[in-house]
Every structure is written in C-alpha cells, then in structure tokens.
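Reader: I have a model open and want to learn to read it. Can we take it feature by feature?

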Amino acid sequence: MQEINVGLIGFGTIGAGVARVLLENREIIQSRLGCPLNLAKIADLDITTDRGVKIPDGILTTDVNEILGNPAIDIVIELIGGYEPARGFVLKALAAGQSVVTANKALLAKHGNELFSAARENEVDFYYEASVGGGIPIIKVMREALAGNRINSVCGILNGTCNYILTRMGSEGADFAEVLSEAQKLGYAEADPTFDIEGIDTAHKLAILTSLAFATPIDYDRIHVEGITSIKPVDFDFAHEFGYKIKLLAIAKQEEGQIEARVHPTMLPESHMLAKIDDVFNAVFVNADALGPSLYYGQGAGMMATASAVVGDLIDIARNRLNGGLRRVPDLSFQESAITPACYRPMQEITTQYYLRFSAYDKTRVLSRIAGILGENEISIASVIQQGRSQTGGTVPIVMQTHKAREANLRQALEVIDELEIIAAPTVVIRMESDL
Ligand code: HSE
C-alpha cells in the first residue's frame with residue numbers, strides 16, 4: 001500500500017501536539033486519506049526531554065538532514081519558528097521537491113513571497129494554515145471556500161495572549177504585568193512576549209490575510225502596528241460607560257482602490273460579534289460580496305488547536321499528491337499573474353471615531369480650551385465624561401468620544417493640546433470602530 005511520509009522539524013509544544021495527533025489519530029486519518037500518513041522522522045536539537053508523547057524508536061534525530069532532501073520524506077513540517085534557520089530549511093526542502101507545512105507567521109510575513117516563488121518553481125505545495133488563527137481554518141476559507149467572492153474587508157482578533165490580557169483587565173480590573181505572566185505560564189505567549197503585546201504577531205497574521213484577500217504580495221512593512229501596553233484599567237471603565245469593549249483588532253479593507261491595513265487597540269460596540277470574543281479565543285470577521293458577513297471563531301493558540309491546523313494541511317497535501325494534484329490551490333489563491341503591488345492608504349488619511357483620555361490639571365477653562373483646539377482642527381465631540389474634582393489638587397481624567405475625524409487632524413490637535421500647561425501626560429487615544 002502506498003504511504004505518505006512526514007518529517008517534523010521542531011519538537012516543541014506544537015511539534016509534540018502534531019506528533020500526538022498523527023500517532024493517536026492514525027486510523028481515522030488513514031480512513032479519510034486512504035493510506036497511512038507516517039510520522040517518519042522528528043528533528044530537534046533536544047531529543048531527550050520528555051514531551052509527554054511516546055515516540056516509537058528510530059524516529060527522533062538531531063540531524064535535520066535526515067529530513068531535508070531525504071527522498072523517503074514527502075512532506076516537511078517546519079515548527080522551529082523565527083526567521084533563520086527556518087527560512088533556509090524551508091528553501092532546502094522545497095528545492096528538493098518536498099512539500100512544506102509551516103505555522104511560522106513571522107517567516108511568512110517577512111519572506112513569504114520568496115518562499116511562495118520557490119514552491120511554485122519546484123511545483124510543490126507550501127501550506128500555512130496554522131500561521132493565522134491557530135486552529136481556526138481561516139486560510140482554507142480564504143483560499144478555497146470564498147474563492148468565488150470579492151473580499152471587501154477582513155478584521156480579526158488574532159492574538160490569544162492579547163485577548164486574554166484585555167479580557168482579564170476588562171472583567172477584573174487586573175494588572176497588565178500580572179496577567180501577561182499568567183498567559184506565558186499557560187503557553188499562549190511567544191518566546192519573546194514583545195511580539196504579542198506590541199501587536200507585531202497580529203500584524204504578521206494581518207499581512208498574510210491582506211494578501212489573501214486583495215491579491216497583493218505580502219508586505220508587512222505597510223501594516224500600521226500599535227500594541228496594548230499603554231491601555232490602563234480605567235480605559236475599560238470609560239469604554240463600558242460608552243457601551244464599548246476594548247480589543248486588539250487587525251483591520252484590512254479595500255476602498256476606492258486603496259488598502260487600509262492596521263493593528264491597534266480598538267473600541268468595539270458591545271453588540272458587535274467581535275466584542276464578544278474573550279480569553280485566548282481568536283475570531284476573524286470577513287465581509288465578502290456574495291456571502292456577506294461571516295465569522296470564524298476558535299482557539300487561536302495552544303498545542304492541540306495549532307496541531308489540528310498543521311495536520312489538516314498535511315492531509316490536504318497528501319490528498320493532492322495521491323491524486324496527482326500538487327499545486328491544486330495557488331499559494332495565495334490567486335494566479336501569480338493576478339498578484340500585483342497594492343496602494344496602501346497612509347495612516348494619516350484614515351477616518352474613524354476616537355476615544356480620547358486627557359490627563360488634565362483640575363483648573364478652570366480646561367474643558368473649553370481642549371474643545372476649542374479640537375474644533376479648530378475639524379474634530380467634533382460626540383460626548384464627554386468628566387468625573388468629580390480631584391481631591392488632592394492633582395489631575396483628573398477628561399474623556400471624550402469624537403464623531404468621525406481624519407487621523408491627521410486628530411494628531412495635529414493633540415500636538416497642540418499635549419503641550420498645554422494644563423495637560424499632565426500624553427493623551428491616550430483609542431480608535432472606535434462602529435461600522436466594521
Ligand atoms: N502567541 C500567539 C498568540 C500564538 O498568543 O496568539 C499563536 O500565534
């Protein structure tokens with residue numbers, strides 16, 4: 001009987017999950033595929049630590065070249081993360097005619113175009129479902145299920161660590177640092193949590209979704225990125241008073257021939273479906289012309305959820321091989337000739353509503369001076385919250401919700417306001433999105 005042999009590079013948390021799924025679900029996978037999907041080799045520098053999965057003899061190796069270019073291995077899984085040596089390993093596998101599966105969003109965001117070209121030239125598959133949304137099959141949805149649609153926008157909560165932190169801060173008034181350390185212990189955060197909390201991991205994922213949605217090469221540098229580190233528990237209280245939740249949102253939309261692609265903390269109306277996505281869960285909200293709005297929800301991080309996506313890719317590629325259909329689906333769904341560089345809208349040109357929290361000294365005419373400067377810059381105020389007087393003669397928060405305004409106008413106004421002697425600290429700005 002024919003077999004498909006798999007080599008796994010990287011025996012960390014996700015690697016151990018993949019091994020477990022392949023070994024424990026071997027029969028059900030075979031009953032779907034029609035032949036065995038064998039875990040033939042696992043390469044890692046550390047092959048002695050117990051990962052909680054019993055690996056049969058002869059599979060573990062410290063030599064990656066027992067996998068890369070080995071004609072007995074059909075599909076290579078790259079799960080070491082980071083840029084190098086991951087990029088070199090993937091290129092070597094593709095050049096040797098091996099198909100590749102990866103979960104590495106950072107690698108795709110930086111080198112995706114090069115890797116897609118190599119896969120095309122070598123006529124093999126390069127699948128990356130686990131790179132966005134962990135276990136949620138959003139890549140398959142975008143590449144295949146929605147292939148008949150024009151995508152208008154794709155927005156999402158794409159980082160489990162940030163969503164966990166924001167959920168706990170919002171529900172318990174918990175401290176940022178304490179919740180981050182718990183997320184790390186639970187294994188959600190990246191090795192370097194900066195990528196999570198500064199929005200970089202979310203932006204890597206948005207760069208991939210933007211290309212899939214709008215037929216453009218991956219261009220991470222065009223994504224505007226802000227993280228969640230400057231949000232304070234008090235912002236959740238004010239958000240609640242306005243009827244909003246705070247989420248780290250990835251937004252990509254195409255309007256008037258321009259792409260807007262941005263990652264930043266966002267206030268969403270409590271009634272919006274994305275506002276209801278809590279804890280480590282991720283969700284992607286797609287607006288497509290034929291289907292209309294649709295929401296994809298599930299575990300965006302973690303060992304078994306991510307392993308589920310990796311193994312789904314393996315089975316897809318194995319099916320392609322068995323049916324002589326490698327390259328059945330183009331890497332970004334579009335034919336290469338249809339993928340063209342896009343025009344991205346500069347951040348200064350976006351228009352949205354804003355939440356502004358001013359730290360003002362408790363003096364007379366503060367509110368009128370702030371309102372005056374906003375008005376001079378064409379920013380109209382929708383509502384204001386000013387709490388009771390400072391008991392200590394210190395600062396008081398003044399919070400405003402604006403009507404829709406141009407980002408450039410807002411920045412111009414804040415440059416002036418933040419220099420006033422009545423202002424004690426830089427104004428906190430959170431964009432409010434009501435019509436995604
Ligand atoms: N650190 C990521 C997260 C893992 O928290 O979502 C999945 O990419």
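Reader: At what angle do the axes of helix 3 and helix 4 cross?

Author: First, the terms. Helices are DSSP runs of H or I with at least four residues, strands are E runs of at least two, and both are numbered from the N terminus. Axes are lines fitted to C-alpha atoms, for helices over the stretch in contact, and angles run from 0 to 180 degrees between N-to-C directions. Here, helix 3 (residues 86–95) and helix 4 (residues 105–121) have axes that come within 10 Å and cross at roughly 15°. Angles under 35 degrees count as roughly parallel, over 145 as roughly antiparallel, 65 to 115 as roughly perpendicular and the rest as oblique. Helix 3 is therefore roughly parallel to helix 4.

Reader: Is the crossing of helix 3 and helix 4 left-handed or right-handed?

Author: Left-handed means that the near helix is turned anticlockwise from the far one by less than a right angle; right-handed means clockwise. Helix 3 and helix 4 cross in the right-handed sense.

Reader: Before going on, what kind of model is this?

Author: It is a predicted model: local features need pLDDT of at least 70, side-chain atom pairs count only at pLDDT 80 or more, and totals for chains, interfaces and linings use all residues. Residues are numbered from 1 along each chain as its sequence is written, and side-chain values use heavy atoms, with hydrogens and water left out.

Reader: How do helix 6 and helix 7 pack?

Author: Their axes are 9 Å apart, at an angle of about 135°. Helix 6 and helix 7 are therefore oblique to each other. Their crossing is right-handed.

Reader: Which helices supply the shell around the ligand?

Author: A residue is near a molecule if one of its heavy atoms lies within 4 Å of it. Helix 6 (160–172) and helix 9 (200–214) each give at least two shell residues. Among the residues around the ligand are N159, Y188, E190 and D201.

Reader: Where is the cis peptide bond?

Author: It joins E84 and P85, with omega about 10°. P85 lies in the loop between strand 4 (75–78) and helix 3.
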